[in-house]
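Dear colleague,

Here is the structure I said I would pass on. My notes on it follow below.

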Amino acid sequence: MFENSLHYYTFGEYKEIERAAPYYDSLIVSSHFVVTETDKIAGTLSNLQPEQQIDFYVQPYLPEFRKGDNFRKSNGELRSWASNLAEYYGPPISDVLENRSNLNYFDFSREDQKKIIEKSCDLQLDLLDEASENKLGRYLDSVASLTPRALVPWYVKINSRPDIRANEEIINYAAEYSDCPVKPCFYVDKSFIHTESNRREIVRAVEEAPVREVFLWIDGFDKRDVSIGELCKALDLVERVSQRGVDPHMMYSDYFANLMAFFGLRGVSFGIEHGESKSEKTDSGGGSGDSVRYYYNPVKEFLNVYDVEDLGTDFDDPLCECQACDPVMNSWSDIFQLADDRKARAQHYITTRDGHRETVTNETLDDLVGELWDGDDKYQEALDDTDHAANANHLRKWATAIEHYVEEEKQRELSDYSLTTTS
Ligand SMILES: [Zn+2]
């Protein structure tokens, strides 16, 4: 199965989550949200579980404190969600955060590291389950057992070999502590996986860990920032991990990740709006200031609704027939009906991503790469004129990366073949 996971960030997204339930498989809920809104999330998950069989994971969130100050207000105090999490953990986490420092795994004693990891497992295994028992059990005959599909232990961003070893240590602690399967997150900087020996080292760590599945999160992998070479390195990492019998699942991903399914990727994750990538956030200043955007499937990108109207009309593209679009759209000019309807746009996006999953099951890689080239030919010029995509060459980048990687692989196989036949 190819798993589509949704990041569930805030309680305001509850309706979208519920409505779109037939179109995704699992939710990734943030720890700070679990600590702050325990009962509400337990209620949501219980509602979804019996019929829709939605699995969930809890994001540990401790890695958010590694760098920068985006978790503080301008006066230096912790934001309320961060403060709730600090309160849950207590010392030494709360001491570090209240002393206005960042959280670094290596600063803690072995004993404290272990204590924090155990506490983070408890948070994932117990809080929602107990809330479901205590609150909902009072007025329901039977309540869903709310244990996550797997534990996602605290992870250390990988910029060096010692970081990999720290992650191995954490995974082993978590696996010893609980019977729940562990699905660790390997969070790597894209520059780190550039070197073959570094990729090999990550694959070794994955292979030796007591796990069957891993999340991969490549920092700086946004379609606008990533290069063809970096896409190839990511394909190589994914393929090698899956060849070791471990299923990789992207923690953040755009359409390109669906093509990675042909190389062994087994899942993608995304936020309900614009949530295709996420880089380590270190700056507290300013919001994103995004205007209203609609996921325009022909170009696999969110575009400003004005640009969607122009492109859809100019190219006479078929309208989306999803539950959100179909009832209100008779022509691309009707796109403005969705401008004020965040829920509908979210539903459209989630359904479209579900469709992408279908295409990788039903179509060949050659056909899908061909579609990328066709899309690039058709839309490139128009995309350059949109407000969003100053550098809208992602379709071409993706296609080139796949072709390049496959070609390299063929060469490798040929040279392996000649080595074995001549020796
Ligand atoms: Zn739609």
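This is a predicted model: local features need pLDDT of at least 70, side-chain atom pairs count only at pLDDT 80 or more; totals for chains, interfaces and linings use all residues.

Ser227 sits in the loop that runs between strand 5 (213–219) and helix 9 (228–243). Its C-alpha lies 8.7 Å from that of Ala401, although 174 residues of sequence lie between the two positions.

Next, helix 6. With 25 residues (110–134) at 1.5 Å a residue, helix 6 should span 36 Å, and the 35 Å between its end C-alpha atoms agrees with this. Helix 6 also has a kink of about 35 degrees, centred on Leu123. Leu123 is one of the buried residues of the helix, which also include Ile116, Ile117, Gln124 and Leu127. The buried residues of helix 6 pack against helix 2 (31–36), helix 3 (38–52), strand 3 (55–59), helix 4 (80–89), helix 5 (93–98) and helix 7 (161–177).

Last, the domains. The assignment for the protein chain gives domain 1 (3–270) and domain 2 (293–392). Their centres, taken over C-alpha atoms, are 29 Å apart. Contact between them involves 16 residues of domain 1 and 14 residues of domain 2. On the domain 1 side, strand 1 (3–8), helix 1 (14–19) and helix 10 (255–260) each give two or more residues. That side of domain 1 has nine nonpolar, five charged and two polar residues.

Regards

Technical notes
Residues are numbered from 1 along each chain as its sequence is written. Helices (H or I, at least four residues) and strands (E, at least two) are DSSP runs, numbered from the N terminus. The expected span of a helix is 1.5 Å times one less than its number of residues. The bend at a residue is the angle between axes fitted to the seven residues ending there and the seven starting there. A residue is buried if 20 or more other C-beta atoms lie within 10 Å of its own, exposed if 12 or fewer, and partly exposed in between; C-beta atoms are placed from the backbone. Two residues are in contact if their C-beta atoms, placed from the backbone, lie within 7 Å. Domain bounds come from an automatic or database domain assignment. Ala, Val, Leu, Ile, Met, Phe, Trp, Tyr, Cys and Pro count as nonpolar, Asp, Glu, Lys and Arg as charged, and the others, Gly among them, as polar.
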